[in-house]
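Here is a short briefing for anyone about to look at how the parts of this model meet. Have the structure open beside you, and let's walk through the contacts together.

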Amino acid sequence: MVFLDFENDIKELMEQLEKSRAIQEKGKVDVTKTIAELEDNINKARERIYAELTPWQHVQVSRHPDRPYALAHINALSNNTFIELHGDRTVKDDKAMVGGFGSIDGKTVMFIGQQKGINAKMRVYRNFGMANPEGYRKALRLMRLAEKFNKPIITFIDTPGAYPGIEAEERGQGEAIARNLIEMMQLKVPVICIVIGEGASGGALGIGIGDKVFMLENAWYSVISPESCSTILWRTRDQKEQAAAALKLTAADMLEHNLIDGIIPEPIGGAHSDHESTFQFVRKEVKKHLTRLSKMDAEERIEKRIAKFSAMGSFVEE
Amino acid sequence: MGWFKRIKGGITTSTQNKKETPEGLWHKCPGCKQVTPTAENEANLWVCAKCGHHQRIGSKEYFHILFDDGRFELFNEQIFSNDPLHFTDSRPYTERLEETCEKTGLHDAIRTAIGTADGEKLIVAAMDFNFIGGSMGSVVGEKLSRAIDRCIEENVPLMVISRSGGARMMEAAYSLMQMAKTSARLSLLSKKGIPYISLLTDPTTGGITASFAMLGDLNIAEPGALIGFAGPRVIKETIGKDLPKDFQTSEFVLEHGFLDKIVPRKELKPFIANMLRMLAS
């Protein structure tokens with residue numbers, strides 16, 4: 001298990017719990033009571049710590065290596081019916097962007113998401129969740145496929161940003177994201193987007209135009225990562241905590257400013273501490289909104305989608 | 001006698017008799033260091049006569065270049081940023097805004113105007129780089145959206161002149177969502193079949209490239225402009241290698257298939273007017 005720097009109390013209690021369990025297994029001393037107490041204390045510590053996370057701590061949780069990534073969500077939500085489809089039909093298959101059909105309780109859905117690697121080797125294979133233009137084009141191809149067969153789309157956003165590289169620029173990273181924005185606005189099928197971890201900038205928005213946009217409780221979503229913001233505005237990476245606060249990037253902040261449609265709760269202790277409960281929360285929200293959105297007329301959905309994004313902004317007119 | 005001993009004094013003119021050169025009479029080209037009289041530079045549309053370097057000009061100059069007889073109507077001028085996130089870095093965003101408004105005489109990083117170019121009616125939205133790097137916040141998004149809506153209402157073609165570093169960090173997610181907002185309005189314009197010409201100038205990067213700048217029916221650029229998604233410094237740091245020589249120039253982007261044409265400033269107005277006529281007839 002990986003513990004974050006502010007989870008020290010939990011870590012110590014967990015270590016004690018392990019030891020107690022080992023004693024219990026030997027069967028010479030009865031420590032049932034101690035174990036129960038420890039478990040209770042762990043829950044209490046989690047509750048206490050997670051009740052008042054700072055914006056930067058939210059960012060840390062969103063990047064937790066044990067956090068469920070897109071494919072984990074997709075497999076859970078589709079009950080392992082997911083069939084991954086590959087390639088953008090132009091250049092190659094981007095491993096940082098996954099997509100394909102799956103079924104939720106008998107209804108077929110197009111799943112799309114940015115995928116991070118689950119270990120050191122896979123992180124490189126997935127390019128740390130940073131898609132290239134072909135990733136965004138693959139996503140758009142699959143969305144078009146869903147539209148053709150009238151299947152709703154669910155996207156899982158989890159990226160530190162679109163990849164900044166030579167080939168990405170050569171193949172039009174900007175154009176690929178821009179194209180997705182305008183095309184997703186006019187998709188005739190329901191689109192639900194969920195920021196499950198990191199929602200960094202245009203790279204996140206590139207699959208983030210939906211009738212409903214949700215964030216998991218500990219996810220973050222903004223125009224830039226706190227580190228990069230700190231580098232640009234304070235000329236040092238050390239102000240990342242201050243930058244995280246200034247950017248108002250937490251789910252609660254985003255909802256307060258009407259820039260997302262809702263927050264999906266995470267179990268106490270964060271999604272990494274209990275995958276199953278996280279999936280249950282997501283399933284509940286997704287099913288509810290899929291039903292509602294499916295009842296609407298396509299034109300009405302598009303109109304509302306456009307009206308929602310058009311209303312985003314804050315200014316004064318004199 | 002030492003040959004290095006100075007016999008004659010250096011500057012002998014007394015301060016009172018000194019002749020001042022008035023400020024702004026001359027312009028030095030940042031490209032080739034050629035010095036030209038300002039009037040001549042202006043007559044040449046702020047393009048170096050010697051090396052062809054296109055200087056960074058603003059909305060005022062583009063309106064002057066594009067609209068017939070310098071006549072045009074500015075609209076939605078009175079929209080101002082209101083610092084929704086109460087953003088403070090080294091100093092408050094509101095302070096930065098006030099100072100920039102005063103220094104530039106502008107209200108934000110974009111101005112929108114309607115007029116005719118060689119008799120062809122069009123709406124031009126031009127960005128000003130000297131307003132916080134031409135960055136896009138809520139005001140830029142709103143003014144551009146309203147310009148697009150007016151194009152739809154009055155069935156007038158749209159031209160957007162981009163010159164921007166990208167999103168305005170002090171408006172964080174609001175700024176990000178302007179990419180979505182402007183794309184939403186453009187999707188409606190496109191449905192109506194109204195032409196949209198996007199002109200990319202030096203520099204056009206970040207969220208601007210990843211939204212409206214790359215969504216023109218025609219994407220054109222000025223010669224030698226920096227055009228890209230990620231900034232060159234970021235890419236260099238990420239890959240840890242030097243970048244190719246012409247990387248992210250207009251010419252590079254044209255070669256890779258993301259621009260329709262590179263149009264020098266002098267040919268801009270006739271090109272636009274001609275293209276609009278071709279699309280209309």
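The domain bounds used here come from an automatic or database domain assignment. For chain A, that assignment gives domain 1 (5-52) and domain 2 (59-310). Please keep in mind that this is a predicted model.

**Between the domains of chain A**

- The centres of domain 1 of chain A and domain 2 of chain A, taken over C-alpha atoms, are 35 Å apart.
- Six residues from domain 1 of chain A and nine residues from domain 2 of chain A make up the contact.
- About 570 Å² is buried between domain 1 of chain A and domain 2 of chain A, with carbon and sulfur atoms giving 60% of that area.
- On the domain 1 side, A:Phe6, A:Arg46 and A:Tyr50 lose the most area to domain 2 of chain A, and together they account for 69% of what that side buries.
- Zero salt bridges are found across this interface between domain 1 and domain 2 of chain A, while three residue pairs are in polar contact, both residues at pLDDT 80 or more.
- Sorted by class, the side of domain 1 of chain A that touches domain 2 has two nonpolar, no polar and four charged residues.

**Between chain B and chain A: extent**

- Here the contact takes 55 residues from chain B and 49 residues from chain A.
- The two chains bury about 4,600 Å² between them, 71% of it on carbon and sulfur atoms.
- B:Met169, B:Met177 and B:Phe229 supply 15% of the area that chain B buries against chain A, more than any other three residues.

**Between chain B and chain A: polar links and elements**

- There are 17 residue pairs in polar contact between chain B and chain A, both residues at pLDDT 80 or more.
- Strand 4 (79-81), helix 4 (138-154), helix 5 (172-191) and helix 6 (232-239) of chain B each give two or more residues to the side that touches chain A.
- Helix 5 of chain B gives the most to that side, with 17 residues.
- By class, the side of chain B that touches chain A has 32 nonpolar, 17 polar and six charged residues.

**A:Glu317 at the chain contact**

- One salt bridge is counted between chain B and chain A; B:Arg146 forms a salt bridge with A:Glu317, with the closest N and O atoms 2.8 Å apart.
- A:Glu317 also has B:Ile79 in strand 4 of chain B as its bridge partner.
- Strand 9 (residues 315-317) of chain A and strand 4 of chain B run antiparallel and are joined by three bridges.

Terms used. Residues numbered from 1 in each chain as written. Chains lettered and ligands numbered in written order. Predicted model: local features only at pLDDT ≥ 70, side-chain atom pairs only at ≥ 80, totals over all residues. Heavy atoms only, no water. Contact = heavy atoms within 4.5 Å. Buried area = accessible area lost by both parts, 1.4 Å probe. Salt bridge = Lys/Arg side-chain N within 4 Å of Asp/Glu carboxyl O. Polar contact = N/O pair within 3.5 Å; in protein donor to acceptor, adjacent residues only side chain to side chain. Nonpolar A, V, L, I, M, F, W, Y, C, P; charged D, E, K, R; others polar. Helix = DSSP H or I, 4+ residues; strand = E, 2+ residues; numbered from the N terminus. Pairing = 2+ DSSP bridges.
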